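Student: I have a structure to look at. Could you take me through the terms used for it?

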There are 2 protein chains.
Amino acid sequence: MKRIGFIGLGLMGKPMALNLMKAGYKLCVYNRTRSKMEDLVAEGAIPTSSPKEVTEKSDIIITMVSDSPDVQEVVLGPLGVIEGCKKGKILIDMSTISPKTSKSISKKLMEKEVQMLDAPVSGGTIGAREGRLTIMVGGLKETFEKCLPIFKILGTRVVYMGGSGMGQATKLCNQVICAINIQSVCEGLLLGKKLNLNLEKLLEVVTGGAANSWMLTNLGPKMIIRNFQPGFKISHQIKDVRLALSTGAELELPLPCTALVQQFLRSVEAENMGDKGTQALIITMEKLAQTQILE
Amino acid sequence: MKRIGFIGLGLMGKPMALNLMKAGYKLCVYNRTRSKMEDLVAEGAIPTSSPKEVTEKSDIIITMVSDSPDVQEVVLGPLGVIEGCKKGKILIDMSTISPKTSKSISKKLMEKEVQMLDAPVSGGTIGAREGRLTIMVGGLKETFEKCLPIFKILGTRVVYMGGSGMGQATKLCNQVICAINIQSVCEGLLLGKKLNLNLEKLLEVVTGGAANSWMLTNLGPKMIIRNFQPGFKISHQIKDVRLALSTGAELELPLPCTALVQQFLRSVEAENMGDKGTQALIITMEKLAQTQILE
């Protein structure tokens, strides 16, 4: 059985790493904040002091960090993955970053005959915990097939999307749709509030038909009771939408609603609510409307 | 068994009227374009020459027409429902109109001791045909309960939302969410196209997670094969969003994404595509992006 190195043990990474250990894999782990390794070490994972060391001790390395610069640093920086890499090892980057950055990192690794897959996920912390993520994968098909047993532990819907960067490309499309759908829930609920509708009943009706969405079903009820616990953080949504918009800009693609929603997301962040769940978008929309969902 | 009068035998009204007849109700019908009555008359419905005549011959009158002025004309105009009405008869307006207009018509009827329910529906022509509509009802609770057997023939999810106008209020919220969700599908698919993704695969992935919606599942596949057959027409979507925006304006409620999507819907109409299904929104977004989903 291959040894897996896991870098990035945050809200998503930790439960994913745990699932791999439960499935019998031996894990080496690394996290910048060392204390985040403790739980996994208690379960038998080997702690290391750098991405380089993780890589030396593993066959397959998984990175699950925040943003493009984080992946660049962890992979290409001093004591990075690339320094511990040799032919035959595989890097799976499950972070959400720009397709362009992903491709360029992959190219650098290829010079050392190291294959990289971009394999961002959807499904939030619940999906990570339950091994029910959606995983969208780019890279060599052959490499994808080698890693499939690992993906199948982490997720239920695993789709090969094409060459390097295509997993990230898919994730950006996913995030564009998500962001706009959250906005639709906000506008629908606020109109309902202003019209004095009972919002529980409103949700009961509108989830039954053409207005329904994952966001309506899952975030609508949280908005109306003001539960802002994060399933997925505002700050991460902003980052993903920023990647989509900058990718769109490079491709000369206008994304008007995406861009508008991004401005409202920024307003949530401006209120120091970046760590709240994406349903906190309702806070900004409430201010704009001078009204509150819950009195 | 009560006799039902049915006014407005369009894409929605006709299959709804047919379902009532199949359930054993005796129907009187009226349609401005007389030829649209023929199919129902062939099934045993009694044709009439005015809303007044329909009303005289029925206990419960259902209107299913296009817009606020149409309901006003059919109910309050010369030879309208109000002229044939007397105490104890019930008007059920299943059109989508403004909550304000609905309330004011209800008030006028109340002067003749005639109860009115506003009961707009969601679910499109398929829902109408299969008796699987979602019905959101406003008016007197007692009147609602009297009419429940009729609603249960037409729909599966029937929810009483409150006093007069509250059914229409609910429908507007529903339409706001629908309109924005269609936009999210357009922006997500166009980004995918520009990133050279296989759009069938993209839909396979994104429908599996947090991006999913009724619109994504139902209109996404139609957009990518350019099937613009209407389930729900662009021109009706524009009308509903206009009602939502004007209601929002009266309530001093900004609905920024709704307003933006309305502008794009207007562009579809400007191309003489108002009779196409709402998935034709992709046509305008393609022009904006100087790209096409299907080459």
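Tutor: Start with a pair of strands: five bridges join β1(A) to strand β2 (residues 26-30) of chain A, and the two run parallel. This is a predicted model, where local features need pLDDT of at least 70, side-chain atom pairs count only at pLDDT 80 or more, and totals for chains, interfaces and linings use all residues. Residues are numbered from 1 along each chain as its sequence is written, chains are lettered from A and ligands numbered from 1 in the order in which they are written, and side-chain values use heavy atoms, without hydrogens and water.

Student: What makes β1(A) and β2(A) a pair?

Tutor: Two strands pair if DSSP finds at least two bridges between them. Here five bridges join β1(A) to β2(A), so they pair. Within this pair, A:I4 stands opposite A:L27.

Student: Why is strand β1 of chain A called mostly covered?

Tutor: Buried means under 20% relative accessible area, exposed over 50%, partly exposed in between (1.4 Å probe, protein chains only). In β1(A), residues 3-7, four of the five residues are buried. Across chain A, buried residues make up 59% of the 295.
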